[in-house]
2 protein chains.
Amino acid sequence: MDMLQAPHTWSGIEMALWDLIGKARSAPVWSLLGYKKAHKKMPYASVLCGDTPEETRALGKAAREKGFRAAKFGWGPIGRGTLKDDEDQFAAAREGVGKDGILLIDAGQIWGEDVDAAAARLSSLEAQNALWLEEPFQGYAYEAYAALAKRSPRVKLAGGEAAHNYHMARHTIDFGHVGFVQIDCGRIGGIGPAKAVADHAVARGITYVNHTFTSHLALSASIQPFAGLEAHRICEYPMEPKQLALDIAKNPLVPDANGELVLHEGPGLGIAVNTTGIRKYLVDVEISAKGKRLYTTPKL
Amino acid sequence: MDMLQAPHTWSGIEMALWDLIGKARSAPVWSLLGYKKAHKKMPYASVLCGDTPEETRALGKAAREKGFRAAKFGWGPIGRGTLKDDEDQFAAAREGVGKDGILLIDAGQIWGEDVDAAAARLSSLEAQNALWLEEPFQGYAYEAYAALAKRSPRVKLAGGEAAHNYHMARHTIDFGHVGFVQIDCGRIGGIGPAKAVADHAVARGITYVNHTFTSHLALSASIQPFAGLEAHRICEYPMEPKQLALDIAKNPLVPDANGELVLHEGPGLGIAVNTTGIRKYLVDVEISAKGKRLYTTPKL
């Protein structure tokens with residue numbers, strides 16, 4: 001089951017509280033977490049694979065032209081066709097991102113717990129010099145992760161986005177032996193537990209990465225837990241946001257001329273919420289019990 | 001986080017669907033799961049420890065007088081006072097349940113992940129011949145479970161009630177090395193995933209037990225997944241149900257003269273729901289969005 005309405009809602013509240021504390025203390029959230037500095041990150045363009053290698057190549061080139069030096073290609077046809085189909089996709093992704101670009105592949109849990117099916121792709125991932133293979137298996141399949149990690153000394157495994165509490169993330173590291181732990185602050189319970197995972201990643205000598213595909217408010221929140229970890233450079237950057245994700249922030253986070261990302265200097269999360277811009281998404285809802293009104297959508 | 005409204009709701013729906021299929025096919029749920037027979041279970045009276053050893057002794061005697069040959073004592077003072085306090089509680093519990101009774105102790109996660117604190121109680125649990133020590137740690141603390149299991153060859157560990165999916169239960173067995181895996185059908189996603197855990201327990205040579213502290217509808221559902229496993233004898237029996245838990249069933253499950261429990265013969269879950277009896281618990285709720293009524297509490 002992956003019915004996480006309560007953890008998602010709670011996570012949103014937790015992140016908003018950090019923003020509030022930061023604003024009350026005129027301090028960025030990362031400083032409240034004990035970091036001395038917010039280091040620049042290397043954002044990777046996160047895109048879905050094209051249906052054909054040609055489309056995937058074009059997506060990689062487009063990301064490159066937008067200034068990204070890293071790109072992740074995922075889901076779509078991966079694991080759904082032949083071994084050769086996947087090899088062609090990986091090769092096209094490499095061509096698109098360029099020889100010197102950072103190439104990441106996201107299998108979107110396609111192999112369930114089938115270690116051999118995933119392992120069959122390792123040599124072509126190595127040939128394309130992929131930095132990581134993400135979510136080959138279900139989030140809970142720690143044994144499968146560990147077995148594949150053992151067979152893949154060069155291409156590290158990435159996983160953890162499914163973690164909806166600190167413990168699951170820790171197990172993904174300690175039992176699953178991932179090389180990159182990917183944490184979604186909007187799912188794990190917010191910034192507090194995400195920071196605890198970052199600490200655990202440092203202790204275990206693996207790399208922390210954010211998992212973010214929604215708004216720039218979420219993006220800022222997701223970078224705070226590892227903002228001060230200079231060696232944990234790479235960060236996910238949503239490339240195909242929904243309009244709501246754009247409308248919510250007055251000051252989105254945009255990579256600089258070097259393709260690097262730096263958090264805004266403002267207090268809290270540093271993102272100015274555009275309450276006017278999101279007004280049109282509000283849905284009038286009413287909930288009452290025993291004839292008493294318990295909830296009405298507030299005015300913005 | 002332990003905010004499991006969605007898994008709990010889903011579990012209720014899943015169990016109701018098994019009941020419905022069983023009624024449509026005139027077959028008990030356990031037969032739909034592939035079992036040839038529903039074996040008798042040995043219900044244990046599940047009670048909270050008294051504040052003093054005297055109270056705990058009296059609770060054990062009361063359970064014994066009601067015909068129970070097994071009793072579980074939990075929570076309350078355990079782990080909150082001195083080592084001696086716990087020893088006195090365990091001794092009183094043994095006296096209450098009698099020399100030939102089955103004694104179970106439930107620590108209610110009191111030691112977090114502190115293996116040494118739990119291990120300090122092992123010798124007195126052994127001295128009282130306790131069958132199991134339940135939930136010494138948080139549900140996700142598989143490493144702590146494994147470490148304690150290694151130090152406790154005689155008193156087996158019991159755990160798993162926190163599992164809200166099949167994977168968590170499997171990890172409690174494979175990483176936590178419990179001797180008894182306790183599954184709550186109302187939390188794990190219903191009868192289907194619970195049966196998968198029972199199969200895994202059989203494959204691993206450990207014992208499956210239900211976790212139930214609510215209604216007799218839930219009790220019947222919770223026994224179905226291991227009804228056909230003759231060697232998995234012991235079953236939890238809620239001793240201190242809320243009035244709603246009693247009012248919901250016209251034909252509660254009551255131990256026989258030998259203190260054994262057998263499922264009703266009727267199809268599905270075999271429990272007749274008393275819709276009249278639970279009418280008084282209904283709360284009138286209305287939910288509307290965009291002026292359209294989405295939900296209104298139905299009439300019973």
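How many residues of chain B are in contact with chain A, and how many of chain A with chain B?

## Contact between the chains

In this predicted model, 30 residues of chain B touch 30 residues of chain A. Chain B and chain A bury about 2500 Å² between them, and 61% of that area lies on carbon and sulfur atoms.

## Symmetry

Chain B is superposed on chain A by a rotation of 180° with 0.0 Å of shift along its axis, at an RMSD of 0.0 Å. This is the relation of a two-fold axis. Within chain B, Ile287(B) has the C-alpha nearest the axis, at 2.3 Å from it. Both copies use the same surface, as 100% of the contact residues of chain B recur in chain A.

## Charged and polar pairs

There are 4 salt bridges between chain B and chain A. One pair in a salt bridge is Glu113(A) and Arg170(B), whose closest N and O atoms are 3.2 Å apart. Across the interface, 14 residue pairs are in polar contact.

On the side of chain B that touches chain A, two or more residues come from each of α1 (5-24), α7 (142-151), α8 (166-174), α9 (185-188) and β9 (285-289) of chain B. The residues of that side are 14 nonpolar, 8 polar and 8 charged.

Which strand of chain B is joined to strand β9 of chain A? The partner is β9(B): 5 bridges join the two strands, which run antiparallel. In β9(A), which covers residues 285-289, Ser288(A) has Glu286(B) as its bridge partner in β9(B).

How values were computed
Residues numbered from 1 in each chain as written. Chains lettered and ligands numbered in written order. Predicted model: local features only at pLDDT ≥ 70, side-chain atom pairs only at ≥ 80, totals over all residues. Heavy atoms only, no water. Least-squares fit on C-alpha atoms with pLDDT ≥ 70 in both. Contact = heavy atoms within 4.5 Å. Buried area = accessible area lost by both parts, 1.4 Å probe. Salt bridge = Lys/Arg side-chain N within 4 Å of Asp/Glu carboxyl O. Polar contact = N/O pair within 3.5 Å; in protein donor to acceptor, adjacent residues only side chain to side chain. Helix = DSSP H or I, 4+ residues; strand = E, 2+ residues; numbered from the N terminus. Nonpolar A, V, L, I, M, F, W, Y, C, P; charged D, E, K, R; others polar. Pairing = 2+ DSSP bridges.
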